[in-house]
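These are my notebook entries on the structure shown below.

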Amino acid sequence: MAYLYYPGCSLKSTGRAYEESMRAVFAKVGIPLEELEDWNCCGATSYMSVSELKAFALSARNFALAEKQGGRDKTTDLIVPCAACYLGLSKAHKYLDEFPDIRSKVDEALAAAGLKYSNNLKIRHPLDVLVNDVKKDRLAGLVTQPLKGLKVACYYGCQIVRPYAEFDDQDSPQSMEKIFRILGAEIIDWPIKTRCCGGSLSGTVPEVGLRLSYLLLLEATRRGADCIATACPLCQFNLECYQPKMSSLYNEKIDIPVLYFTQLAGIAMGLGEKELGLQRLFVPMRYTPAPAASSGGQHVTK
Amino acid sequence: MSPSNGQTNGTPKVGVYVCHCGINIAGKVHVDAVVEFASKLPYVTVAKEYKFMCSDPGQDIIAQDIRDGKVNRVVVASCSPLMHEATFRKATAAGGGNAFMFQMANIREHVSWVTHDKGLATDKAKALVAAAVERVTLHKPLEKTKVPVHADVLIVGGGIAGIHAALTLADSGKKVYLVEKEPTIGGHMAQFDKTFPTLDCSACILTPKMSSVRAHPNITLWTYSEVSEVSGFVGNFKVKVKRKPRYIIEDLCVGCYECIEGCIYKEAKVKDEFNVGLSKRRPIYIPFPQATPLVAVIDPETCIEFRTHRCKKSCATACERNAVDFNQTEEIKEIEVGAIILATGFKVFDAARIPRYGYGKYPDVYSALEIERLVNAAGPTGGEVKMANGEKPKAVGIIHCVGSRDAKTNKYCSRVCCMYSLKLAHLIHERTDAEVYNFYIDMRTPGKGYEEFYDRLLEENVHFIRGRVAEVNDWAITPEEKGKLIIRCEDTLIGMVRRIPVDMVVLSTGLEAQADADDVRRMFNISCSHEGWFLERHPKLAPVSTFTDGVFLAGACQGPKDIPDSVAQAGAAAAEAMALIDKGFVELEPNTAYVQEEFCSGCRTCIALCPYSAIGYNEESKKASVNGALCKGCGTCVAACPSAALQQNLFTDEQIFREIKGVVSYV
């Protein structure tokens, strides 16, 4: 089964490591990713807050292109890794489905560009695909370096499972936990895994935004996490890049690696540092996994 | 009685009566235009409108027109036949006509209530009137048949509603079969500690009634049993009841507990259903000390003998009366009853379905039913409210509306949770002296003495925070929160988000329809509401009847209800059953099938299909024939007959085609 891949702006810029690691892991799993040609902005936050209709039209152009590229005779699965894109496209998908008045206006706009959208498309998050489309045994079979002894805090952020996703529970999602258990890691109980990271406020109103990220990092550290796994480029950026600033602002040392879940999965599958974009981390991953036969990995202390 | 031989009432003279139903119909339908239209239809001799056709003066118009010889067939265009068909048939008969020379056009439920545009509504009303007029010209006089009623009653479910209905009927001299699927009667009420708002001990008021059931000469009590098949009709139901093997001979067991103490399991290891899993029982057990009947039961899922066949069966040896019988098998009882009362109760909402409240994750998050057992003196802790670590809680949060008033789970209010939350707040406060916080959306205390009980709790210094709880977790931000469960909620009275650290959380779980409600509904041929509750015939005027005559409802199977309401409804259901039985007979609709012999080829297709074995075969004439006394008018044979030899009174092919013609010709 082939999947189309919609990168969105982040995965080509701040979230390059996400794209690199996801492509590497999906290739390893045997899922070829074909990038959507001529994709455009998903229509997320800024558009959505100013003009919903224009945001829907932008999303719909991507849908129409995806259907065309995926083949009109079957349902196309469009993989959307960025949480904001995933939310924006899922919202448009639902609204075009349920509100005929919006649909007719969007159809008109598409027709002007010579395009057509016929509801034969599914918006999928890579987490959803890895958990629900890949057999557990297949995933387990790819593990060459189990993440033994690694304590992971799984962070979903606010957008992936709320409010449109149906592949996991909104309050207590478990997809990442399932994957990392298969990969041999230990999961820490961290009840705030769907709380806001601060979003764009970390840049615009840092006293609010930074504090939200800080609370997440502090609690993960207190609960003994070795690293945090994320599935969103903005969450990853917020949680990782401001750590020195938070440490001085709140007078509490914050120093914990924040990886994309695909990077962590790639480590267990024995993929290389460059393949996974690990060299791009600001807070380096201080864990070397052990080969499958031995008892556990090693934590490198600074 | 073949209608072809019946009188035809001469040339059709149809009277059409269009009802305004106040503004219910007249607000959306141009009644005068419908009357004008009807007056020009073939055979129509009278067309009139009236504000309320169902009123006495309205009915008199019909009767008088018949008496005056103006009319011999009647069409009333008004509401649903479910509402007033009987009324207008009676009016037709009152004028001297045959009650079945009548047809109803439903222009309220099917037109005015569901159509916005007055023009379109009027058009549709005209089409339906035309159809009724076409049809009624082919109606023939029919007679109802009377069938005697069986005097016994079946009650399904042995909670407080079933118990009360059974005792009421039995005291009036009726024979009652009470069927309960659990090993004991008592239902949820047996698990409660106190009852609101009077705080009487639940067991103290319930168990005497349970004993009365056991002792009553008119009640046959079958516990650990389920109804497996229902056939027949009002007054004459045939029911099969499956009695599951309890592996104890009920007549021999005296409930002495010797077998239980003799069990090979020295320690109880199985989750105790009665204490909602807070204590353990052995595979052979008596649910609780006042269980009725006080007879042990063996759970084959956990009993070593059933799992390995290698137990030394020390329970059997311990029993001096030889009541243990590992070879017992399922038994099917067949009974005949005139009426059935369903009192199958409710299911408690599973709090684990809302993961953000931490049920199943944090050991000190409890469901309300678990707390009922914890505060009960006969419960697993002897009535002490203790946390998982054995200590008394210093602060307890009670979260209302868990699985109620929530678009994601159940939209409805479960009606009992505010009051039982107050009761539990009182009991917890009394036992532990803890600070108790109630988190509520609205306090709903509409009952006798309920609001006064709420006032009493306010004076007992229990805290009330208005706002829906967002989450419960152990994420401590301040040092005071460390080691506590944090309840985060919006306090809508002060407009702030608050974090309340507590030691114990009680989730006031809502009520849901039983998991097997849909199967039960099918078996008894009744309806369920959208949420799965059994549907009453009319929400105001027939609250314990169903759309199947002779089947009545009592208690929470019809919707969330507290004990007083369940008991009241059980009494009402018992009275309805008595009214049916004491009348002695039921009148059956004459909608029976009949064979037009000249068309019958004798293929016998119909005979095998008839669910009531009402069709016989005449070897001499080689034709099928219907026994009108057995036919229930289901129409299966009529639809199946390849030569259309089978017809059904009130639904002949001709009548149906003419009705269709009436609609279509108007359009």
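Over which residues of chain B does pLDDT stay under 50? I found that pLDDT, the predictor's confidence in each residue from 0 to 100, stays under 50 over residues 1-8 of chain B. For residues 1-8 of chain B the model has 10 contacts beyond four places in sequence; residues are in contact if their C-beta atoms, placed from the backbone, lie within 7 Å. Where pLDDT is low, the predicted coordinates should not be read in detail.

I noted that this is a predicted model, in which local features need pLDDT of at least 70, side-chain atom pairs count only at pLDDT 80 or more, and totals for chains, interfaces and linings use all residues. Residues are numbered from 1 along each chain as its sequence is written, and chains are lettered from A and ligands numbered from 1 in the order in which they are written.

The mean pLDDT of chain B is 95, with 99% of its residues at 70 or more. I recorded ipTM 0.80 and pTM 0.85 for the model.

I then looked up the interface: 5 residues of chain B are in contact with 6 residues of chain A. On the chain B side I listed 2 nonpolar, 1 polar and 2 charged residues.

Last, I examined helices α6 (residues 160-171) and α7 (residues 202-215) of chain B, whose axes come within 10 Å. Among the residues making the contact are B:I163 and B:L167 of α6(B) and B:L206 and B:M210 of α7(B).

Notes
Two residues are in contact if their C-beta atoms, placed from the backbone, lie within 7 Å. Ala, Val, Leu, Ile, Met, Phe, Trp, Tyr, Cys and Pro count as nonpolar, Asp, Glu, Lys and Arg as charged, and the others, Gly among them, as polar. Axes are lines fitted to C-alpha atoms, for helices over the stretch in contact, and angles run from 0 to 180 degrees between N-to-C directions. Helices (H or I, at least four residues) and strands (E, at least two) are DSSP runs, numbered from the N terminus.
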